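Hi,

Here is the structure I promised to pass on. Have a look at it first, and then read on for what turned up.

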Amino acid sequence: MTKQTALRRSATDEMCDIRGAVRAHYSSFHHWLQTTPASQAKEKQKEADRLFRRLGITFAVYGESAGTERLIPFDLIPRIIPAKEWQILAAGLRQRVVALNAFLHDLYHGQEILKAGRIPAEMVFSNPQYRVEMQGIHPAGGVYVHIAGVDVVHTGEGEFHILEDNLRTPSGVSYMLVNRRMMMRLFPELFASHSIAPVEHYPELLLETLRAAAPEGTREPTVVLLTPGPYNSAYFEHTFLAQQMGIEVVEAQDLFVRDNKVFMQTMEGPAQVDVIYRRIDEDFLDPLAFRSDSALGVPGLLSVYRSGGVTLANAVGTGVADDKAIYAFVPEMIRFYLGKEPILKNVPTFLLRNREDRAYVLAHLHELVVKEVHGSGGYGMLIGPTSTPKERALFRQRILRNPENYIAQPTLALSTCPTFVEQGIAPRHIDLRPFVLSGRTIHLVPGGLTRVALRDGSLVVNSSQGGGTKDTWVLEE
């Protein structure tokens, strides 16, 4: 099977099979849906919107003149995953994150995978996310990626593909938690009639993971969450998670470096900080080490980190492993470091730095998805099947000017899930972002954040592009 034909097929519907029969794991919910008056569902949807607004559950959209805060759309119909399917997903996610941590350790130490020729060295050394400052540094516990958000798509019966690894400052977990609370509040009867795996303990697991990452010898570590501030698109999540964990949310002006340690200003005086859960891009972390114009960072922070006086979660330099071109080599990392075949597949990926791949992609722009290697949030993409000739011509010029900056993939048949829309209930494409925590052990709460593309036929699920979210139910056996 070639790269270009591998994923062309009809989208799988999560609730019904190809004959229109309701799948077994949806049968109880489907019955409830069929017997619930549409007017009641509409009232519940309005109630959910009111609650989201009252609780301030919003996200910021950069560049919008009509206001920066937007309510994230929430849909009442959950995405349901049977237990056996989740077990395979969870095993594959654990395997992947273990390999990615091993890759990062190798990259900043012996570089054995590069010496073995399994990954082209120039793809690493020319990558702006490769941080020479991390060379030879040993993060506490040997963990680089404490929190990973891995995007997964369901592309066929029992078939999943990894779409993306988010290893720097992955976001969205607060919506997973809030969606569950909202569903339990609106429909307690559904939770009494279904055996749904809990997710509410995620903040406890996150705090446990962060405390385990403290510098060696720290008995009662102080953990803080470092935010860029209220103008950041994920500020709600920063404050929400800090509150749930019972830790301080701090900005740069709250921290300072003295005697090779990091301190937080408090009403009682300076308090030493042991672990910083950073929600700031590393370019802005320390103006003495990275961008000198950064007002968001703490001068001298990297020096303390390099000497082992404080832990940063995630570590500096993890971005090199979630680059969309390096992504193509994750299956090879699993084979190299773990000696096993990947449990979960990658999406076939064309690297436009390669002449043969580039020639094929330029001849088939109308049927492929082209992405910037460092793009995110659904920006910097060309979705060939829905693009105009003018857009394709523009991307052609961009690719020819800088082919190393692009990859291309087949258009995925993302699964669909029934979703409330203005006209009633209609299928909409979805993906899933589970969150993997790496500390002394690896933790996952069952499920993750289901994102839904609310526009008919759209494959773009990002909230910044009009996407919404759903609660994700993993059924217990």
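Let me start with I119. Beyond its neighbours within four places in sequence, I119 is in contact with F103, I113, L114, V124, I326, F329 and M333. Please keep in mind that this is a predicted model.

I119 belongs to the largest nonpolar core, which has 74 residues. I119 is also among the residues with the most contacts inside that core, together with L93, L255, I276 and M333. Helix α3 (residues 83-107) supplies the largest share of this core, 10 residues. Apart from it lies another core, of 55 residues, including Y26, V178, L205 and C417. As background, nonpolar side chains in soluble globular proteins tend to be buried together.

C417 brings me to the cysteines. With 0% relative accessibility, C417 counts as buried. How many disulfides does a search of the whole structure find? The search finds 0. For C417, the closest cysteine sulfur is that of C16, and because the two sulfurs are 10 Å apart, they are too far from each other for a bond. A disulfide would need them within 2.5 Å.

Finally, a look at strand β8 (residues 255-258), where R258 lies. Is R258 buried or partly exposed? Its relative accessibility is 41%, so R258 counts as partly exposed. Leaving aside neighbours within four places in sequence, R258 is in contact with F263 and P270. R258 and G300 are 42 residues apart along the chain, and their C-alpha atoms are separated by 8.8 Å.

Happy browsing, and best wishes

Technical notes. Residues are numbered from 1 along each chain as its sequence is written. This is a predicted model: local features need pLDDT of at least 70, side-chain atom pairs count only at pLDDT 80 or more; totals for chains, interfaces and linings use all residues. Side-chain values use heavy atoms; hydrogens and water are left out. A nonpolar core is a set of buried Ala, Val, Leu, Ile, Met, Phe, Trp, Tyr and Cys residues joined through side-chain atoms within 4.5 Å. Buried means under 20% relative accessible area, exposed over 50%, partly exposed in between (1.4 Å probe, protein chains only). Helices (H or I, at least four residues) and strands (E, at least two) are DSSP runs, numbered from the N terminus. Contact means heavy atoms within 4.5 Å.
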